[in-house]
Each structure stands twice: as C-alpha cells, then as structure tokens.
Amino acid sequence: MTKYFGVAIDDIFNSMAERFRPEGAADVDVKVGYDIREFGKRKLVISNRKMSLEKTDDLSDCNAVIKTDERTFVGVTVGKIETMEAIIALKFRVKGDQGVLALLPRLFLKLSTQEKDVKQEQELLVLKKVISVKQKFATGPVMGKFLKGLKEEKVLAIKCPECGRLQSPPREVCAICRVKNTEWVEVGPEGELRMLEYCYYASPDPLTGETRETPYGAIGVLLDKCKDEEVFWHLLNPAHLDRVKMGIVLGEKVIKGTRLRPVWSENRTGSINDIKYFEIAE
Amino acid sequence: MRSNAMKKEKDFDINNCYTISGKLALPYTYFAGRTGSTFITHIRDNKKIMGVRCNHCNKVFIPPRQTCEKCLSMISDNWVELENQGEILNYTVVRYDDNHLPRKAPFILAMIKLGKADTPVIHIVEGISINDVKEGLKVKAVFAEKTTNTILDIDHFEPV
C-alpha cells in the first residue's frame with residue numbers, strides 16, 4: 001500500500017470509527033460519499049450520533065460526494081495540503097452540499113501522525129495591523145481648476161499653444177514643446193474605451209485608505225474632442241468589466257471601442273473621486 | 001531676481017489652489033521569528049525577561065538575537081534569565097503626539113541596562129517627572145495586565 005505523508009489511505013478509513021466524536025454529531029444526519037481515484041468509493045452515513053462506513057459503488061443518495069485522488073485525500077486529511085489550494089487546483093471537488101467540508105472536522109478527531117507526536121510546535125507570534133496615515137495633497141492652480149470642474153460635472157483639459165494637444169488631467173507645461181499651457185477646453189464627458197487593464201492587485205485608494213475590490217478595471221477613455229493618445233484614466237464599473245471592448249487604430253484599420261459615460265458622485269468635493277467610474281453608455 | 005519672483009507670484013492664480021485630504025492604509029504582517037517569539041511569550045506567560053548569551057564573547061544580548069553580532073556564532077539556544085531591574089543609561093523625552101506612539105506626549109523613552117545583561121533595551125519610563133529623570137536611575141519592569149503579544153507586555157519601567 002502506498003503511503004503519502006507517512007499515512008496510508010486505509011489508515012484513514014480504518015481509524016474513522018475510533019476517531020468519531022458522537023458529541024460533535026448531535027443533530028447531524030448526513031451521507032457523505034468518497035470517490036477516490038484508483039482506490040474506490042466509500043459511503044459514510046452519520047445519523048443518531050452513530051456512524052457507519054461501507055464500500056459501495058452507489059453514491060447517488062449522498063448529500064455530498066468528495067471526488068479526489070489518493071494523495072490529495074491523505075494530504076488534506078492530515079493537514080499537509082490546504083483544502084482550498086487543492087480545490088483551486090481542481091484536485092479536490094465536492095459535489096452537492098459544500099457544508100460537509102466544515103462539518104467533517106467537527107465529527108472526527110484528527111488523525112495523529114508520528115511526526116506530530118514527537119515534536120511540539122513552538123508558538124510563533126505574528127502581528128497583523130493596518131496603520132492609517134493621514135495626508136494632504138495640494139492641488140496647485142492647474143490641477144485645482146480641473147478638479148473644481150469635476151465638481152460641476154465638467155471634464156476640463158488644457159491645451160498646448162504650440163502642438164495643440166489636450167491633456168487631462170492637466171499639466172502646467174507641455175512636456176514635449178516645453179511651453180506653458182494656457183487655454184482650457186471642456187471635453188467629453190462621454191468617450192470611447194481605448195485601454196482596459198484588469199488589475200488583480202488590491203491596491204489601496206490613497207484618498208480613502210480603503211483597499212479596492214479585485215479585479216477592477218483601470219481604463220483609458222478617449223473623451224469626445226480628444227484625439228490619438230489623449231486618453232483620460234479612470235475606473236470602470238466593475239459590473240461591466242467583461243462587457244466592454246477596447247478600441248484601437250492600426251494604420252487604416254479602425255476598431256471602435258465601447259462608448260462610456262461617467263457616473264458622477266452625489267456628494268462632489270472637487271476630487272478625482274467625483275467621478276465614481278465610467279460605465280457603458282448605450 | 002527678487003522682483004522677478006514677486007512678479008511671477010502675482011500671475012499665480014491661487015483661487016484654484018486647495019488641499020485634498022487623503023488617508024493611506026498600510027496593512028502589514030509582522031513576524032517575530034523563533035527567537036523573538038520566545039522572548040515575548042516568556043514575558044507574557046512567566047513575567048520573565050530573557051536574553052541570549054554568546055559563550056564565545058561572554059556577552060548577554062537583549063533583545064535576543066539569533067547570532068552574536070561580534071563573532072557571528074549561533075546563540076539562539078543560550079537563553080539566560082535577566083533581572084527585572086536595571087539602570088537608565090540614557091533617555092529622551094518624546095514631545096509630540098502621533099498615532100503610532102504608545103503614550104501621549106510628553107513621555108520618557110530610556111535605554112535601560114537590565115541586571116546580567118550587557119546591552120540596553122529601550123522602553124517607556126513612568127512614575128517620575130520628565131524633569132527628574134536622570135542617567136543612572138534604577139528602574140524596574142511593570143508587566144502589562146493585558147497581553148498584546150508585543151514588547152508592550154512589559155507595560156513600562158518605574159523607579160525602584
């Protein structure tokens with residue numbers, strides 16, 4: 001018999017009767033099927049604070065069936081493999097009532113492995129904390145004007161007097177022509193999706209300190225009146241993440257992106273969060 | 001030069017200048033390590049302050065560390081119980097308030113050399129006015145009633 005992590009799978013099933021805790025099984029009436037590849041099927045019946053285990057091929061009347069392979073089953077039982085990891089790796093599946101996973105540890109004492117008997121684990125200290133740091137961002141005259149525009153539901157861009165490009169959020173100076181930007185233009189507020197990034201890193205929002213839900217969409221919107229690379233960066237309504245299409249211009253080939261419109265916050269304070277996010281306009 | 005700067009200041013439209021309040025949350029996980037965990041759990045459970053001895057250099061370190069800083073040999077198993085009393089080698093008075101500080105200002109932070117130890121440990125000193133604290137003052141540890149699993153399981157030191 002092959003042993004995994006120093007334990008044979010038969011040891012687990014054969015010791016179930018002695019590891020059973022009747023006090024944990026009060027009010028429990030459940031049938032759990034084990035379908036273990038290359039090993040076979042077992043049916044565990046728990047009712048009236050008693051358990052029975054039988055070898056059978058018929059698991060159709062079980063509340064839940066655990067489908068896995070020998071190694072994963074032993075690993076999960078002795079705690080050498082994380083159940084969630086095995087589930088994500090599709091090596092461990094529960095068909096039917098998922099609640100049995102939480103129930104089983106209550107019903108049985110842990111199978112003691114030799115390793116654990118010998119060595120007493122030292123208590124290791126881990127501290128989890130969240131520090132909150134207050135900060136202030138100074139807008140300056142140019143960004144201040146832009147943010148005040150958002151308060152009035154307007155998106156303002158600043159125009160370079162030499163090359164004519166629009167920048168939003170605005171910069172005091174056009175970094176290409178090295179001249180001071182002067183003219184303000186109202187753009188958008190609707191536009192076309194040009195860039196979408198799926199973000200899986202739960203970055204904290206520097207204005208609220210709250211961690212963002214993932215995945216979220218960071219988007220570049222080409223607002224009306226803007227052209228080429230003059231995209232405006234913001235967030236996408238998370239519900240629309242999988243329903244949008246990016247637009248692109250490749251030489252003569254033009255693919256139109258999804259039309260988006262901003263959703264304005266009710267309480268606007270003159271910050272970038274005055275736009276909650278963009279959503280599909282049609 | 002100066003007039004030039006003033007002229008620029010005049011052009012500068014401050015009507016649109018304001019500040020936006022932000023808040024940065026920094027989630028972190030601190031792992032005390034094997035040696036650090038033993039140190040803290042001894043304070044918490046036994047009210048004992050432990051150091052580690054380097055048998056080669058004949059020095060006792062606190063806070064405990066895994067290797068001797070002088071000869072680099074492994075010393076993390078040579079635990080020595082220290083006295084709960086010691087003397088102030090040096091001190092400072094913290095005079096500003098901030099979220100991360102353990103007390104309201106002003107309070108005393110001192111380097112305290114405990115009996116049997118060769119290195120000082122930094123901790124809060126209470127029970128004496130900031131004007132009366134001096135080098136060489138004998139202090140003893142007061143243990144916290146509620147554990148936080150940190151060095152603050154010694155709540156503070158106070159004059160003997």
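**Entry 1: Pro169(A)**

I began with Pro169(A), which lies in the loop between strand 10 (166-167) and strand 11 (173-174) of chain A. Helices (H or I, at least four residues) and strands (E, at least two) are DSSP runs, numbered from the N terminus. The model is predicted: local features need pLDDT of at least 70, side-chain atom pairs count only at pLDDT 80 or more, and totals for chains, interfaces and linings use all residues. Residues are numbered from 1 along each chain as its sequence is written, while chains are lettered from A and ligands numbered from 1 in the order in which they are written.

I then asked why Pro169(A) is classed as partly exposed. It has 16 other C-beta atoms within 10 Å; a residue is buried with 20 or more other C-beta atoms within 10 Å of its own, exposed with 12 or fewer, and partly exposed in between, the C-beta atoms being placed from the backbone. Leaving aside residues up to four places away in sequence, I found Pro169(A) touching Met143(A) and Phe146(A), where contact requires C-beta atoms, placed from the backbone, within 7 Å. The C-alpha atoms of Pro169(A) and Ile158(A), 11 residues apart along the chain, are separated by 8.1 Å.

A nonpolar core is a set of buried Ala, Val, Leu, Ile, Met, Phe, Trp, Tyr and Cys residues joined through C-beta atoms within 7 Å.

The largest such core has 25 residues, and Ile112(B), Leu114(B), Val125(B) and Phe157(B) have the most contacts inside it. Strand 6 of chain B gives the most to this core, with four residues. I listed the contacts of Ile112(B) beyond four places in sequence; they include Val139(B) and Phe157(B).

**Entry 2: Contact between the chains**

I noted that 29 residues from chain B and 29 residues from chain A form the contact. Strand 1 of chain B supplies the largest share of the side of chain B that touches chain A, 13 residues. Strand 1 of chain B also pairs with strand 8 (residues 126-138) of chain A, antiparallel, over 13 bridges; pairing requires at least two bridges found by DSSP. In strand 1 of chain B, Pro27(B) stands opposite Val130(A).

**Entry 3: Open sheet in chain B**

Last, I looked up an open sheet of three strands in chain B, with the order 3-2-4 and antiparallel pairing. Its edge strands are strand 3 (59-61) and strand 4 (79-81). Strand 2 (residues 50-54) pairs with strand 3 over three bridges, and Cys54(B) stands opposite Lys59(B).

How values were computed:
Two residues are in contact if their C-beta atoms, placed from the backbone, lie within 7 Å.
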